[in-house]
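Please describe the fold, the core and the aromatic contacts of the chain shown here.

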Amino acid sequence: MADFIPQADDSLTTWLVNYKTKLPIHAAILGITPADVAIYVNECDALVTTIQGVNNSRKSLQNLVKAKDDQRTDTVGNIRTISNRIKTDIVDVIFSSPKGDIFYKVIRANT
């Protein structure tokens, strides 16, 4: 028998809301006690809330990653600009090590 419960979170959220709304209406005919209905409804609510929280966190993380990427592009671009400007005035410059330390030997281009 195929699983009738959706796998994707968005589809599952819609399904859970429908399930928790209709279960109390049909519970007596299906032999489900009010106590069990309350448990299932609460579980559905909790899972919907968790899925929505994850979706919100994903969106927030995507925004943070984009902000980081934009800032990185700007900062690294600015560092390259000043480095290129320095290189036109100074013949021999050895810049950063893999650790980010800056080493340099200055020989003026116009001397």
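## Basis of the model

This is a predicted model in which local features need pLDDT of at least 70 and side-chain atom pairs count only at pLDDT 80 or more, while totals for chains, interfaces and linings use all residues. Residues are numbered from 1 along each chain as its sequence is written, and side-chain values use heavy atoms, with hydrogens and water left out.

## Overall make-up

The chain contains two helices and zero strands. Both kinds of element are DSSP runs numbered from the N terminus, with helices being H or I over at least four residues and strands being E over at least two. Helix α1 covers residues 9–30, and helix α2 covers residues 34–89.

Of the 111 residues in the chain, 13% are buried. Buried means under 20% relative accessible area, exposed means over 50%, and partly exposed lies in between (1.4 Å probe, protein chains only). The chain exposes about 9,100 Å², of which carbon and sulfur atoms supply 58%; the areas come from the Shrake-Rupley method with a 1.4 Å probe, and for residues only the protein chains shown count as cover. Among contacts (heavy atoms within 4.5 Å) with a separation of 6 or more, 25% are between residues 24 or more positions apart.

L12, L16, C44, V48 and I51 make up the largest nonpolar core. Such a core is a set of buried Ala, Val, Leu, Ile, Met, Phe, Trp, Tyr and Cys residues joined through side-chain atoms within 4.5 Å. The elements giving two or more residues to this core are α1 and α2, and α2 supplies the largest share, three residues. In soluble globular proteins, nonpolar side chains tend to be buried together.

T13, in helix α1, counts as buried because its relative accessibility is 14%. Leaving aside neighbours within four places in sequence, T13 is in contact with V48 and I51. With residues up to four places away likewise not counted, V48 touches T13, L16 and V17.

## Aromatic pairs

How many aromatic pairs does a search of the whole structure find? There are two. Rings of Phe, Tyr and Trp (its six-membered ring) pair if their centres lie within 6.5 Å; planes under 30 degrees apart count as stacked, over 60 as edge-to-face and the rest as tilted. The rings of F4 and W15 have centres 6.1 Å apart and planes at 45°, so this pair is tilted. F4 lies in the segment before α1 and W15 in helix α1, so the pair ties together parts that are 11 residues apart in sequence.

F4 counts as exposed because its relative accessibility is 54%, whereas W15, at 23%, counts as partly exposed. The rings of W15 and Y19 have centres 5.0 Å apart and planes at 10°, so this pair is stacked. W15 and Y19 are separated by about one helical turn because they are four residues apart in helix α1. Ring pairs link F4, W15 and Y19 into a cluster.

## A nonpolar surface patch

Y19 also belongs to a nonpolar patch on the surface, together with I39 and Y40, and the three have about 260 Å² of accessible area together. Y19 is partly exposed, with a relative accessible area of 32%. I39, in helix α2, counts as partly exposed at 44% relative accessibility.

How values were computed
Patch = residues over 30% accessible without salt bridge, like charges linked within 9 Å, V, L, I, M, F, W, Y side chains within 5 Å. Salt bridge = Lys/Arg side-chain N within 4 Å of Asp/Glu carboxyl O.
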